[in-house]
Amino acid sequence: MLETATVPVSSWARSWGRVRRSRSACVAAAGLGAIALLAAVGPMWSGFPYDKLDWQHLAAAPFATAHWLGTDRLGRDLYVRTLYGVRLSLAIGLTATAISVVIGVAWGATAGFLGGRVDGAMMRIVDVLNALPYLFLVIALTALFGRGNLYVLFLAIGAVGWITMARIVRGQAVSLRHRAFLEAAVASGAATPRILTRHVVPNVLGPVVVYAALTIPQMILFESFLSFLGLGVQEPLASLGTLVRDGAEQMGSAPWLLIVPASVLVVLLLGFNLLGDGLRDALDPRDA
Amino acid sequence: MMLAYALRRSAAFIPTLFLIVTVSFFVIRLAPGGPFEAEQGLPPEVKANLRAAYGLDQPLIVQYGRYVRGLLHGELGPSLRMRDISVSELIARGFPVSATLGAAAVAVALLAGIPLGIGAALRRHSLLDHLATAFAVAGLALPSFVIGPLLALVLGVHLHWFAVAGWQLDLSHLVLPVLTLALPVVAYVARLTRGSLLETLRADFVRTARAKGLSERQVIVRHALRPALLPVVSYLGPAVAAIVTGSLVVESVFGLPGTGRYLVQGAIDRDYPLVMGMVILYGTLTLVANLAADLLYGWLDPRVRHA
């Protein structure tokens, strides 16, 4: 608040400036970009498919053969399989977060703006869902319906994240309800859907962006967790979770099978968490 | 006042549990397949008889009624896949293991996390603070199924300090699983404690306490700590949920005979009573943890009792 700006700057531009000044957020963003690029084009360079068995080189050590990071016990290329896992993690993280943002924002903005009985009923549902042992239900559900079914996996993971999002958005929307510009919109006869999309949602986007950024690593983590338990992606497809599980089984004889996917997963999670923290400091200065 | 608050908070417990039972019962039955379909070499007549023997041929609503009646008598039913053993017996076998691990992990998390957070907040920008912050960030990015195998690889396989697998009630067998479960929670608790203590130390009543000449130690112990620990208390519910979830992983990584494997295996096997038993067990645990956190919060902070 001490800044004496001579040129009027929009709050988004100011926030963007703060994001760029946060060193860890920039490093994280650059690192994540590099990882995403590598995951997109990297597998093509190596020349090995992710599911081809190489009987000549079973559980080969890194750099010992043509396989850059070695192979698993079936002779499959670890470098390529790890990058496939990263592709899946990124896809899950972004899709599931998008699902939770869409549901959460729609739900929270509607409840918060309409208020009264509707608000009470909608938030009651959220409270009940929040009290359920969600994780266990999702674990049970993926085990029952969707072993190997990627759509079920995406849906199940996306369905978890929207609850907190709905609460955050509702809180913001409630605080907007009596602001002059909203009352003006209501007084001028704008329809509710239009008010929601044109006035309420744009004004709650800050916290949504922050929470969405922090949701991505949670979703990635959740997918690997389910895959680790054998409930997510099935052979021969690779997820970072299945790679860590397989690696853990052979960590005595072939530690690289554990270390490579585990460190990639950690870097990925770390990157998204740092990025989310940087965004929060930039967009939500109260909490810095 | 406290009693009224406690009653109000506990009122939702039974209805929520009932809702969990009802929703899970029907959703689980929606899944394709059945408990005896994977069984090889059984003639269809035998399978039909098995289904009839367990009442699975009845309409779903009848089965639901029967299940709820059993629950009211404290019966969780027989396991469909592990013959001659009831779900209660399976839980009685596995639960002591899981509960020991979980309780030890919660204790470690609080006893290590809170002092670490206090230390970091009191010596801001010191080495301890930077280490605690780095540790907190790492804790977010290191899931239990990564920490577990890595700890086992370094401390178990290479250094031979601790046992890597198996279940015995001695230090060597407990250290790695408990550490794996506790580390992410320690990191989060430390982060919460640091942040909220820093905020509390800026509050007016702390300035007043300092102004009336209390020693820094008294200011912190008598005035600042209690409100500063409130966020940690409200995190207790989610923490217990996190530890219970983590125990699914830890039990599989370290080969421990807890209850974790029943949930996953039971669901894969379509062992309906077993899955229900596990959902009820974990659901109750989560609800109890949340309730305990609420009550503790109300006791520490009189304002919420009157809200």
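The model is predicted, so local features need pLDDT of at least 70 and side-chain atom pairs count only at pLDDT 80 or more, while totals for chains, interfaces and linings use all residues. Residues are numbered from 1 along each chain as its sequence is written, and chains are lettered from A, with ligands numbered from 1, in the order in which they are written.

Chain A to begin with. Its secondary structure comes to 10 helices and 0 strands. By helix I mean a DSSP run of H or I of at least four residues, by strand a run of E of at least two, and both are numbered from the N terminus. The C-alpha atoms of chain A fill a box of roughly 75 × 50 × 30 Å along the principal axes. Of its 288 residues, 44% are buried. Buried is a count: 20 or more other C-beta atoms within 10 Å of the residue's own, with 12 or fewer called exposed, anything in between partly exposed, and the C-beta atoms placed from the backbone. Taking contacts in chain A between residues at least 6 apart in sequence, 68% join residues at least 24 apart. A contact here is two C-beta atoms, placed from the backbone, within 7 Å.

Chain B has 14 helices and 0 strands. Its C-alpha trace spans about 85 × 55 × 30 Å along the principal axes. Buried residues are 38% of the 307 in this chain. For contacts between residues at least 6 apart in sequence, the share in chain B that joins residues at least 24 apart is 74%.

Now the helix pairs. Two packed helices are described by the angle between their axes and the distance between the axes. The axes are lines fitted to C-alpha atoms, for helices over the stretch in contact, and the angle runs from 0 to 180 degrees between N-to-C directions.

In chain A, the axes of α2 (residues 23-46) and α10(A) come within 8 Å and cross at roughly 140 degrees. The two are therefore oblique to each other. The classes are: under 35 degrees roughly parallel, over 145 roughly antiparallel, 65 to 115 roughly perpendicular, and the rest oblique. The crossing of α2(A) past α10(A) is left-handed, a term for the near helix being turned anticlockwise from the far one by less than a right angle, with clockwise giving right-handed. On the α2(A) side the contact includes A25(A), A28(A) and L32(A), and on the α10(A) side it includes G271(A), L275(A) and G278(A). By class, this contact has 10 nonpolar, 4 polar and no charged residues. Nonpolar covers Ala, Val, Leu, Ile, Met, Phe, Trp, Tyr, Cys and Pro; charged covers Asp, Glu, Lys and Arg; the others, Gly among them, are polar.

In chain B, α5 (residues 87-122) and α13(B) have axes that come within 10 Å and cross at roughly 50 degrees. That angle makes α5(B) oblique to α13(B), and the crossing is right-handed. V87(B), L90(B) and I91(B) of α5(B) meet P273(B), L274(B), G277(B) and L281(B) of α13(B). The contact has 6 nonpolar, 1 polar and no charged residues.

A few single residues. Most residues other than glycine have a negative phi. H125(B), in the loop between α5 and α6 of chain B, has a positive phi near 65 degrees. With 9 C-beta neighbours inside 10 Å, H125(B) counts as exposed. R270(B) also has a positive phi, near 60 degrees, and lies in the loop between α12 and α13 of chain B. R270(B) is buried, with 22 other C-beta atoms within 10 Å.

Last, the core. The largest nonpolar core has 150 residues, and among the members touching the most others are A140(A), V244(A), V185(B) and L263(B). Such a core is a set of buried Ala, Val, Leu, Ile, Met, Phe, Trp, Tyr and Cys residues joined through C-beta atoms within 7 Å. Helix α10 (residues 256-283) of chain A gives the most to this core, with 16 residues.
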